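This report describes the fold of a single chain and the surroundings of selected residues. Please consult the sequence and the model shown here while reading.

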Amino acid sequence: MTRDEQTTDRSLERVIVNLLERRGPDSSICPSDAARAAYAGQDNGWRELMERTRQAAWRLADAGEVEVTRAGRPITRAQAHGPIRIRRARRRTNGS
């Protein structure tokens, strides 16, 4: 991986976290929201960032910072077929 790719990946992670911080605690975002926010151009070039954005979401999920969901339920990478959303990780408490 090149330094530019690493920079892009870290930037996408920050964008995801920042977008979620600006929303309500139970809100989620679409990966395209983050790709659009990270893309500097005015055309559809953000689409090229979509797979990298999804991978950034999975890295954040692996770190326990976010959950990747489908139909409002957390999913694993193996279950990630079709549209996904990203939300803040729900903290589990004892007894729940």
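## Basis of the description

Helices (H or I, at least four residues) and strands (E, at least two) are DSSP runs, numbered from the N terminus. The model is predicted: local features need pLDDT of at least 70, side-chain atom pairs count only at pLDDT 80 or more, and totals for chains, interfaces and linings use all residues. Residues are numbered from 1 along each chain as its sequence is written, and side-chain values use heavy atoms, with hydrogens and water left out.

## R87 in strand β4

R87 belongs to strand β4, which spans residues 85-88. With a relative accessible area of 9%, R87 is buried (buried means under 20% relative accessible area, exposed over 50%, and partly exposed in between, with a 1.4 Å probe and protein chains only).

The side chain of R87 makes a polar contact of 2.7 Å with the side chain of E67. A polar contact is a pair of N or O atoms within 3.5 Å; within protein, one must be able to donate a hydrogen and the other to accept it, and residues adjacent in sequence count only if both atoms are side-chain atoms. The R87 side chain also reaches the backbone oxygen of G72, at 3.1 Å. Contact in general means heavy atoms within 4.5 Å. Apart from neighbours within four places in sequence, R87 is in contact with L20, S27, S28, V66, E67, T69, G72 and P74.

## Overall architecture

The chain contains 3 helices and 4 strands, and from the N terminus its elements follow the order α-β-α-α-β-β-β. Its radius of gyration is 14 Å, close to the 12 Å that the globule rule gives for 96 residues, so the chain is as compact as a globular protein of that length. This radius is taken over C-alpha atoms, and the rule is 2.2 Å times the number of residues to the power 0.38. Along the principal axes, the C-alpha atoms fill a box of roughly 45 × 25 × 25 Å.

Of the 96 residues, 32% are buried. Among contacts with a separation of 6 or more, 42% link residues 24 or more positions apart.

## Buried positions in the helices

L12 lies in helix α1 (residues 3-21) and counts as buried at 1% relative accessibility. The C-alpha atoms of L12 and A37 are separated by 8.8 Å, although the two residues are 25 residues apart along the chain. Beyond four places in sequence, L12 is in contact with A34, A38, L49, R52, T53 and A56.

In helix α2 (residues 31-38), S32 is buried, with a relative accessible area of 11%. S32 is in contact with W46 and M50 when neighbours within four places in sequence are left aside. Helix α3 (residues 50-62) holds W58, which is buried at a relative accessible area of 7%. W58 touches V68, I75, T76, R77 and A80, not counting residues up to four places away in sequence. Between W58 and I86, 28 residues apart in sequence, the C-alpha to C-alpha distance is 9.3 Å.

## An exposed loop residue

A71 is located in the loop between β2 (66-70) and β3 (73-74). At 72% relative accessibility, A71 counts as exposed. A71 has a positive phi of about 55° although it is not a glycine.
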